[in-house]
Amino acid sequence: MEQSGVLYYLNFFPKLSESFILNEIIELSNRGYNIAVFALNNPGENITHEEYQDIDVPIYYADASFMDSPHFSYTDFPQLLSKEPVQMILNNVSNGFFKHFSPKRVGDNLLLGKQCTQFIESLDFDVDVVNAHFASPTRIGAMLAARNHDIPCTVTAHAFEIYSSPNVPQIRYICDSMDHVIVPSEYNRDYLLEAIGIENEITVVPATTQIEKFDPSATTVENRLLTVARLVEKKGYPYGIEAVNNLVEQGYDVEYHIVGKGNMKNQLQQQVEQYEIKEHVKFLGHVTDERLKKELSEASVFVLPSVIAEDGDRDAMPVVLKEAMASETACVSTTVSAIPELITNGLDGLLVPQKEPEELASAIQELLDNPEKRKKIAENGSETVYNRFDISDSVDTLTDVFELLQTS
């Protein structure tokens, strides 16, 4: 399938917290695939992953001005609507497009489908598959563009769009309308099959990273704890801070580094001040890739106290845990969602129940007090990600899906 073309249909590009998408694109590019990106938004982040500077792919940002208008007319889309596969979608009211989506959402998708169609036609290579990430309502635009060009369309169902206050009929329609569904974990697959009722075929392709990028690069700093994650509810930061406070009260001189930004920053800083542990906690915000690798290598223990948020949002299988494990840093996390698919408790990391800061503190304490055990768990963690979660393995599975769709 050398020189095949893949169009990535995304919400944002490039986005710091979605390095797994960039990793896929780079790996496919390295294998000779022609890649293009159709994105709804440019996040405009000041710091991007260093790999982004090295890739050269066509990028089209959708004209989202139509999103502000409630009006649309089918006659505005003759190029898109004239195609028989698209007409079948629009004419079959029972398929759910009109039943489960508002008129404005239908119009949004028609316009996105038209823009994506025109972008595909402007490329100097053929697109053989449209690969959409996140099973959100605007993915219908990807499907319409793919149908217009008579090529397959896949969607990867990640986390917030299927777990956070899910609209079950919409998710079911989006996933079942695609040619194939991809998920980053067995947990996601079971959830879509059992809770959402997806009938489409589903393949697990773990979201991961270029493992060798995170080889150990700095000396471990004793009693240094680290969390790298957005400052949002599902990351469980309040329980991590409470665990750190627990350790400080027991006399541990820990230093807790927090890398990331988010809407909980003020709340978390107030919690730190309330516990009077400001000298033990540092909020670093976003950092460069070079600084991130250094932080991951220097940490004695990487902590990710993931929880299921009030609205149901949760992590799937966080890429950052794989990056920490690749850095040979011992990890402590929770038994939420697919994390146990990555970490076997006591072998290549420690897992505790969510929202249990005392158990979290005890697990961290166990690793701080037992350097040999910490070292062994760190080594096992590195072996796990190298053997099971390297980006090349994930892309092998992904390309198998692409090839199957093109020959079926």
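Colleague: What should I know before we start?
Modeller: The model is predicted, so local features need pLDDT of at least 70 and side-chain atom pairs count only at pLDDT 80 or more, while totals for chains, interfaces and linings use all residues. Residues are numbered from 1 along each chain as its sequence is written, and side-chain values use heavy atoms, with hydrogens and water left out.

Colleague: How many aromatic pairs does a search of the whole structure find?
Modeller: Eight. Rings of Phe, Tyr and Trp (its six-membered ring) pair if their centres lie within 6.5 Å; planes under 30 degrees apart count as stacked, over 60 as edge-to-face and the rest as tilted.

Colleague: Why is the pair of phenylalanine 101 and tyrosine 173 edge-to-face?
Modeller: Because the planes of phenylalanine 101 and tyrosine 173 are at 65°, with the ring centres 5.7 Å apart.

Colleague: Where do phenylalanine 101 and tyrosine 173 lie?
Modeller: Phenylalanine 101 is in the loop between helix H4 (97-100) and helix H5 (103-122), and tyrosine 173 is in helix H8 (residues 168-177), so the pair ties together parts 72 residues apart in sequence. Helices (H or I, at least four residues) and strands (E, at least two) are DSSP runs, numbered from the N terminus.

Colleague: Is phenylalanine 101 buried or exposed?
Modeller: Phenylalanine 101 is buried, as is tyrosine 173. Buried means under 20% relative accessible area, exposed over 50%, and partly exposed in between (1.4 Å probe, protein chains only).

Colleague: What about tyrosine 163 and tyrosine 187?
Modeller: That aromatic pair is tilted, at 6.1 Å centre to centre with 55° between the planes. Tyrosine 163 is in helix H7 (residues 160-163) and tyrosine 187 in helix H9 (residues 186-196), 24 residues apart. Tyrosine 163 is buried, with a relative accessible area of 1%, whereas tyrosine 187 is partly exposed at 25%.

Colleague: New topic. Which residues of helix H11 are buried?
Modeller: In H11 (residues 265-275), Leu268, Gln271 and Val272 are buried. They cover an arc of only 100° around the axis, which puts them on the same side of H11. The arc is that of the directions from the helix axis to the C-beta atoms.

Colleague: Why would residues a few places apart point the same way?
Modeller: Because an α-helix has 3.6 residues a turn, residues three or four places apart point the same way.

Colleague: And which are exposed on the other side of H11?
Modeller: Asn266, Gln270 and Gln274.

Colleague: What do the buried residues of H11 pack against?
Modeller: Helix H10 (237-249) and strand S10 (281-285), where contact means heavy atoms within 4.5 Å.

Colleague: How many bridges join strand S9 to S10?
Modeller: Four, and S9 (residues 255-259) runs parallel to S10. Two strands pair if DSSP finds at least two bridges between them. Isoleucine 258 has phenylalanine 283 in S10 as its bridge partner.

Colleague: Last topic. Which residues does the cis peptide bond join?
Modeller: Phenylalanine 13 and proline 14, with omega about -10°. Proline 14 is in the loop between strand S1 (5-12) and helix H1 (19-30).

Colleague: What is the phi of asparagine 223?
Modeller: Positive, about 65°, although asparagine 223 is not a glycine. Most residues other than glycine have a negative phi. Asparagine 223 is in the loop between strand S7 (202-204) and strand S8 (224-228).
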